[in-house]
Amino acid sequence: MGAIDKPSHFIGYWGEDDSLRDSFASRTKTLSRLVPDYCIRQGKLSEWAIASASVLAADTVTLNACGRFGPTDLPGDAWAAVEAKQLRLGRDPFGRVPLYWMQLGETIWFSTRMQLLLPLIASPQISPIALHSYACFSYVPAPLTPIEQIASVAAGSEMIWEIADVNDMPKVRAAKLSRRESLPSAWQEAPQLLRREDEAIAQLQGLLQQAIDRQVADLPIDEPVGVLLSGGIDSSLVTALLVKAGLQVRAYALDFGVEAYSELPYAQQVADFFQIPLIRVAATGDAVLRAIGPTAKALDLPYGDGTTAPLFLLKQAAAQDVRVVFNGENGDQLFAGWTNKPLIAHGVYSAEHPAGGETFKQQYLRTFQRFYGYEKQIFSPEMLDRIQSHDLSVYLQDAIDPETCPSLLARLRRASLMLKGAQNIQPRATALAFACGLWVRSPFCDPDLTAWTFQLPGELLLQGACEKYILKKASERWLPPEIVWREKRGMGVPLKVWYYQEFWAAIGDRLNPNLLRSQNCWQPHLADSMLSGELGVAMRDRYIGNNLWLLLMWQAWRTEVLGEIPGKRSLDHVFWLPPAIGQRIWKYRRRLTVDC
């Protein structure tokens with residue numbers, strides 16, 4: 001078992017030599033041009049070649065987010081395997097490493113980084129349904145990508161292509177989807193639930209210890225490791241178990257420079273308790289503004305969560321000292337840490353009153369707290385025409401299937417794992433780490449631990465207002481009570497504060513009305529409508545932080561990843577004025593509207 005020094009993506013092709021123009025030699029030459037510094041393996045089981053720094057066998061390549069390679073139930077977090085007249089592309093269920101593919105003639109091209117495939121497309125076309133999905137979820141759900149010509153492999157699945165003779169000519173058959181026994185099908189509510197609290201605590205403590213033991217088995221004791229520490233129960237518990245394992249732990253925490261959003265005192269408390277250094281990483285408005293472009297390029301796909309750029313800065317800082325970072329990601333998904341109360345109430349109410357206003361799927365779409373339901377107000381008329389028949393609920397079907405999890409809370413946890421975890425949190429955590437040359441390890445992404453949590457009844461997860469109850473009880477073995485039982489909120493980024501200060505001019509530049517008109521996707525004055533309150537109080541006050549960031553990251557992605565050159569800006573907006581004057585203009589417009 002070993003680890004490679006730095007992360008390295010892979011790219012390859014597979015298929016028949018279908019024309020002299022696209023010969024085997026020509027494709028290999030193209031591969032060399034795309035990734036000139038990579039080692040290329042090629043073979044004759046059909047015609048294929050893979051460029052990677054981590055080819056494990058002549059006909060298989062795999063990539064793990066953690067950087068460790070050893071015997072597991074799955075080939076890796078993402079893998080490509082070539083057999084006689086067959087190609088298999090697959091991903092681990094936690095979604096830590098993405099995998100993309102496209103078909104050119106009778107050749108399948110594939111890569112763990114979408115940007116490596118873009119040069120193969122003469123004119124990449126943005127997908128309207130992908131943009132609509134992004135506006136709802138803040139990520140683009142598999143099998144979509146933002147580019148029409150490129151698709152993605154869903155987490156927890158394997159796609160298989162075969163060569164078949166059609167009229168004596170070899171042809172690539174359309175891919176068939178395969179779900180392995182150990183993939184998300186294992187995330188099902190157990191027929192017999194574990195209701196004894198003391199027994200559940202003991203089992204959970206053992207599973208947590210085993211998860212950490214597996215994660216640190218290959219790490220030298222004298223090599224420092226990093227942990228991204230917020231002071232919440234998940235990252236604090238990971239810190240405790242790493243220190244207990246005897247590793248040299250260095251903690252990294254964000255400093256937003258805004259006291260109301262600071263969790264530094266909690267992180268400092270944990271670091272002091274374990275007597276480890278805490279490195280405070282400045283993530284001020286100016287620093288985050290400068291990081292928008294590099295973050296978009298690092299992510300490869302657009303992600304609309306406001307934590308992305310601050311986490312990029314955090315990992316940049318960690319990369320100066322360590323090559324492996326640990327996080328507490330997936331703890332919320334496993335132990336019902338996010339607020340599920342509105343959906344639980346809806347489930348109870350709709351069971352008693354089945355003629356309620358919204359379906360469960362519609363309610364669930366609203367939990368993403370983005371632009372679902374605002375389509376007519378945010379998209380251009382042409383964009384609306386192209387998405388009018390697009391049903392966003394199709395991306396929820398497998399995740400919220402009541403047959404896999406009869407009880408509502410178990411169903412919500414499964415959905416959170418498959419949607420908010422595997423399609424958003426995990427792949428962007430890996431992308432940001434890889435861009436900084438880091439391996440990232442998430443102890444809560446443990447197959448045994450995850451499967452075990454589906455034995456837990458709701459009362460061991462959510463007791464009154466106390467979320468993650470059983471995890472907190474198990475953590476008392478390693479953490480002091482003031483850390484375990486303090487009230488914890490999700491990472492709060494002071495985006496709303498910055499929009500009226502450091503970000504003000506950048507909004508007028510990146511979301512310029514003339515720029516949006518030329519792209520013909522969004523309403524030209526969308527940023528103005530959001531911040532002024534014309535889209536409603538909720539969009540201005542409650543949802544403005546991540547939703548305006550979602551738009552900024554989409555625009556940055558088009559520039560940094562697609563290489564688009566923005567056109568001429570217009571001045572028909574308030575953002576070229578000082579913020580105080582712009583806000584007075586909004587108040588004046590509202591007064592005129594009321595008077596009229």
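Here is a short chat about how some labels in this predicted model were assigned.

Reader: What should I know about the model before we start?

Author: It's a predicted model, with local features needing pLDDT of at least 70, side-chain atom pairs counting only at pLDDT 80 or more, and totals for chains, interfaces and linings using all residues. Residues are numbered from 1 along each chain as its sequence is written, and side-chain values use heavy atoms, with hydrogens and water left out.

Reader: Why is Asp 92 called buried?

Author: Buried means under 20% relative accessible area, exposed over 50%, and partly exposed in between (1.4 Å probe, protein chains only). Asp 92 has 6% relative accessibility, so the label is buried. Arg 96, at 13%, counts as buried too.

Reader: What makes Asp 92 and Arg 96 a salt bridge?

Author: The rule asks for a side-chain nitrogen of Lys or Arg within 4 Å of a carboxyl oxygen of Asp or Glu. Here the N to O distance is 3.2 Å, so the pair qualifies. Asp 77 joins Asp 92 and Arg 96 in a network of salt bridges.

Reader: Why is the pair Lys 468 and Asp 234 said to tie parts together?

Author: Their closest N and O atoms are 2.7 Å apart, in a salt bridge. Lys 468 sits in the loop between strand S22 (466-467) and helix H15 (469-475), and Asp 234 in helix H4 (residues 233-244), so the pair ties together parts that are 234 residues apart in sequence. Helices (H or I, at least four residues) and strands (E, at least two) are DSSP runs, numbered from the N terminus.

Reader: Why is Asp 541 called partly exposed?

Author: Its relative accessible area is 34%, so Asp 541 falls in the partly exposed class. Lys 496, its salt-bridge partner at 3.4 Å, counts as partly exposed at 30%.

Reader: How do you know that S8 and S9 pair?

Author: Two strands pair if DSSP finds at least two bridges between them. S8 (residues 78-83) and S9 (residues 86-91) have 6, in the antiparallel sense, so they pair.

Reader: What makes helix H22 largely enclosed?

Author: Of its 17 residues, 14 are buried, so H22 is largely enclosed by the rest of the structure. The helix covers residues 544-560.

Methods: Expected span 1.5 Å × (residues − 1).
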